[in-house]
Amino acid sequence: MADTISVPGYSSDNLVPGFYFALDASKANTATVRRRVLVIGQMLDTALGKPDIAVECAGVTSAQGIYGMGSQIAIMVEAYRKIDPNGELWILPLSDPKTSKATGSLQLGGTATQSGKISFYIGDQLIEQFVSSGDSAAIIAKAISDRINAVATVPVQASVKDSLVNITAKNAGQCGNDIALKLNLLGDIAGQILPTGITATINPMQNGVGVPPTLSSSLAGLGQRQFDLFIHPYADLQSLSIFSDLLNDQSGRWQTMDMLYGHSITAMAGTYGQVTALADRLNDQHMTLMASSDSPTHPMIWAAQVGAHVAVSMRNNPAVPITGLILNVMPPSDLGCFTLVQRNSLLYDGVSTFIVNDNNDVAIERLVTTYKRNAYGNDDNSYRNIETVLTAALSIQDMKQYLASQFPRCVLLRDGSKISAGQQATTAELIGKTCIARYRTQAGWLWVQDTDGFSKELKAEYAGNGTVKLLMPYRFSDQLFIIAGNCQFIKG
């Protein structure tokens, strides 16, 4: 008579008396898929680290020491960790392109007729130089240049010629063009005013050209390692197309045969017109672009902090709206803050938005993907919310892992076959019922909704050749973004 109960590791030929028990954890597995984030950026040419190889980040100080103080990768890691200090973070350092570095300058003139200070900003980092009455522009310029070079975490280096402070980005490429050079950002109320007798003219950073040529091959080198988020500083069409290829549904990480998933997050500085011009060229549900307007904080820091908030939200509950969360960045100018009409248009264009509250804090208003048109060119809001894409990835990963733990090494029988308890066998019908049970669990986590509808419409089909095909009618949870009401009043 054939055994009706399968005991792993026990031989049915055994005649030796005793008690033999196998430990089977298939019904006890409550582990979840590891959540990993990958930050991508350039290292310094003088750094000790190896480029193009993803490694787990050992901390901000480690990133600075290995890849260079003031490098893109070090700055982004520091910005990320301010929001998410505990999540599993990996970094992919890239070599600089063999192109030009962005340059700018601060031209000083005159002689100080009273003591004061120069409040010079590189991005959102304040370089403050005190001035004594009688100091010439050349003396002040030399002091500012020395002070800049003494702050290792800034993304630039300085040199001086007479009264001209020359500023050069540490990393080559076009990202250096977005390094803001500003004077007296906080204004008179904070005591930021040029000393009497001194004039200053800023030439903004420009002429940085190119992106790392190894971006595509470095991403391909990640192999089958899973990452939930790809956070990077590149908002040019060439680089964004590389991320689209990496994550696409047909041949990328979202294809059915891989199921690695992942989402690209970046940010872009620029006017409303510049941002919409880029957004019109994008249409990808696996990509999120934040518009940072004219904020002094570099877009790569915006990207790192938006990504950090997304990572924390994913770990807690991917269906919860990612809105109202504060970014540790400097706000744009009043003129640079997008109006409600502009923000509404940006969201339709697939660009994520921010607001500045009364405390002058910058907060995420709404995160969307760049997807807005289907394959036929028609408007499509299926993947508008980033929360939908994140919830889908986590739900499918969870379902895959759960089914794998419930049906290891099973004999597949037709529906209606009798299977005794303990036998390593199953049917399509049993697999379908297990899917329904797991869906109910996911509904308890608020990832999904309408378990009755899922139960009624789910189909589990025995397709032969050891294959069961499932039709899983997922209903992902919605997000509350808007409450609108008619405030009707009566006089009397």
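Is Arg-343 buried or exposed? At 15% relative accessibility, Arg-343 counts as buried, where buried means under 20% relative accessible area, exposed means over 50%, and partly exposed covers what lies in between (1.4 Å probe, protein chains only). The model is predicted, so local features need pLDDT of at least 70 and side-chain atom pairs count only at pLDDT 80 or more, while totals for chains, interfaces and linings use all residues. Residues are numbered from 1 along each chain as its sequence is written, and side-chain values use heavy atoms, with hydrogens and water left out.

Side chains of opposite charge can pair when their charged atoms come close. A salt bridge is taken here as a side-chain nitrogen of Lys or Arg within 4 Å of a carboxyl oxygen of Asp or Glu, and by this rule the count comes to 10 salt bridges. One of them joins the side chains of Arg-343 and Glu-365, at 2.8 Å from N to O. This pair links distant parts of the chain, with Arg-343 in helix 8 (residues 340-349) and Glu-365 in strand 16 (residues 362-366), 22 residues apart; helices (H or I, at least four residues) and strands (E, at least two) are DSSP runs, numbered from the N terminus. Glu-365, with a relative accessible area of 21%, is partly exposed.

Another salt bridge brings together the side chains of Arg-438 and Asp-398, also listed at 2.8 Å from N to O. Because Arg-438 lies in helix 10 (residues 428-444) and Asp-398 in helix 9 (residues 386-406), the pair ties together parts that are 40 residues apart in sequence. Both Arg-438 and Asp-398 are buried.

Further along, Asp-450 and Arg-475 meet through their side chains in a salt bridge of 3.0 Å, N to O. Asp-450 sits in the loop between helix 10 and helix 11 (451-457), and Arg-475 in the segment after strand 20 (467-471), 25 residues apart. Asp-450 is partly exposed at a relative accessible area of 40%, and Arg-475 is partly exposed at 22%. Salt bridges that share partners join Asp-450, Glu-457 and Arg-475 into one network.
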